[in-house]
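Please open the model in your viewer and keep the selection tool at hand.

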Amino acid sequence: MKKRSVLLFSLFFLLQINLSSALAANNPRNLYEVKSGDYLWKIAKTYGTTASDLKLINGLQSDLILVGQKLRVPIMYEVVGGDTLWKLSQAFNSTVSLIATTNGLSSDQIYVGQKLKIPPQQLTMDGKFIRMNREEFKDWIFNHKFTRKVGKIQQHHTYQPSYQQFNGSNHFALMKGMEEYHISGMKWSEISQQLTTFPDGTVVVGRSFNKAPEGSFGLLNKEAMHAIEADAIAIENVGNFDAEHMTAEQKETIVTVAALLMLKYGLTPSVDTITYHHWWDINSGERVLDYSEGHAVKTCPGTGFFGGNSTTDAKNNFYPLVTQKMQEILASMR
């Protein structure tokens with residue numbers, strides 16, 4: 001265990017060294033680092049866009065930006081030998097059609113010396129909700145800065161909605177339904193969880209990362225609940241994993257999201273940093289782990305969640321996948 005902890009610490013240290021340089025090498029001019037005195041309108045004016053577009057490009061839930069945060073911005077680019085629209089779209093987080101439309105191009109032909117405006121593609125948003133694939137979430141989480149310290153992530157399954165309610169395109173409708181239940185049914189201020197994964201492998205940001213989850217463990221002991229949640233990120237995985245078989249796409253996303261959060265916050269997968277709802281007494285707030293006899297516990301995140309919901313299941317079937325994914329992510333950024 002000590003050896004693995006040292007390895008992961010070393011990996012996290014390498015991440016801090018390589019993160020900025022990797023992103024800079026990939027997109028040297030369309031990734032702007034926020035400086036003291038910056039605000040969205042000022043940055044937007046500098047890069048010939050609007051604050052609203054910057055929010056959509058970067059998945060911003062509010063106008064708040066922090067020093068050191070990285071923002072994707074439109075750029076003016078002069079074509080050099082070997083350039084194609086496809087290469088430029090890949091280099092600058094855009095698409096061929098978006099570059100062509102922005103510049104009024106009638107074909108894919110470009111020539112050396114031509115000046116093109118290259119806008120980054122926008123994320124899919126509905127109000128505060130942001131839907132992303134795994135690569136988009138990786139970009140989003142590493143570019144953002146947050147004000148709250150995080151020491152653990154909570155794994156849940158939604159139970160309802162289950163796979164039967166997901167039709168492949170109703171991500172936001174399900175998110176709004178969960179928020180309505182949390183507000184009207186549970187009397188919370190808004191949706192409880194920061195992240196929700198879906199059977200198609202997408203992930204939706206809900207509650208701000210700068211706010212602690214609210215009622216995510218459903219504890220009757222409110223004081224204990226708030227203490228548990230103070231440094232937590234809550235993840236709801238759509239499905240009933242007591243009865244439903246998880247899709248391969250969602251499985252990959254759950255592992256990837258956990259790995260990215262571990263790297264973002266400098267954590268090592270363990271029962272202390274990736275915790276299951278099943279391990280907590282919902283009346284007292286006591287962490288009982290596998291010793292649940294005589295306690296009020298839920299099966300969440302499900303008896304079929306990566307082999308089961310015990311700590312042994314997590315250690316044997318989930319944490320190793322997260323650790324491996326962390327190593328893969330770091331290797332890809334070197």
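Which element gives the largest share of the lining of the second largest pocket? The largest share comes from H7, with three residues. The model is a predicted one, in which local features need pLDDT of at least 70 and side-chain atom pairs count only at pLDDT 80 or more, while totals for chains, interfaces and linings use all residues. Residues are numbered from 1 along each chain as its sequence is written, and side-chain values use heavy atoms, with hydrogens and water left out.

**First stop: the pocket**

Select His157, Thr158, Tyr181, Glu236 and Lys298, which lie nearest the centre of the second largest pocket among its 24 lining residues. A pocket here is an open set of points on a 1 Å grid over the protein atoms alone, where a 1.4 Å probe fits, with protein on both sides within 12 Å along at least five of seven lines; lining residues have an atom within 4 Å of a point. The space in this pocket is about 490 Å³, the volume being that filled by probe spheres set on the points. Next, colour strand S7 (152–157), helix H7 (171–185) and strand S10 (232–237), the elements that give two or more residues to the lining. Helices (H or I, at least four residues) and strands (E, at least two) are DSSP runs, numbered from the N terminus. The lining divides into nine nonpolar, twelve polar and three charged residues. In this division Ala, Val, Leu, Ile, Met, Phe, Trp, Tyr, Cys and Pro count as nonpolar, Asp, Glu, Lys and Arg as charged, and the others, Gly among them, as polar.

**Second stop: backbone details in loops**

Move to Pro161, in the loop between S7 and H7. The peptide bond from Gln160 to Pro161 is cis, with omega near 5°. Then select Pro301, in the loop between strand S11 (274–276) and H10; a cis peptide bond, with omega about 15°, joins Cys300 and Pro301. Asn93 is found in the loop between helix H4 (85–91) and helix H5 (96–102), and its phi is near 55°, a positive value in a residue other than glycine.

Display helix H9 (residues 248–265) with helix H10 (residues 311–332): they pack at an angle of about 65°, with axes 8 Å apart. Axes are lines fitted to C-alpha atoms, for helices over the stretch in contact, and angles run from 0 to 180 degrees between N-to-C directions. H9 and H10 are therefore roughly perpendicular to each other (65 to 115 degrees). Their contact (heavy atoms within 4.5 Å) includes Ile254 and Val255 of H9 and Phe318 and Leu321 of H10. Its residues divide into 13 nonpolar, one polar and three charged.

Note on methods:
Parallel < 35°, antiparallel > 145°, perpendicular 65-115°, else oblique.
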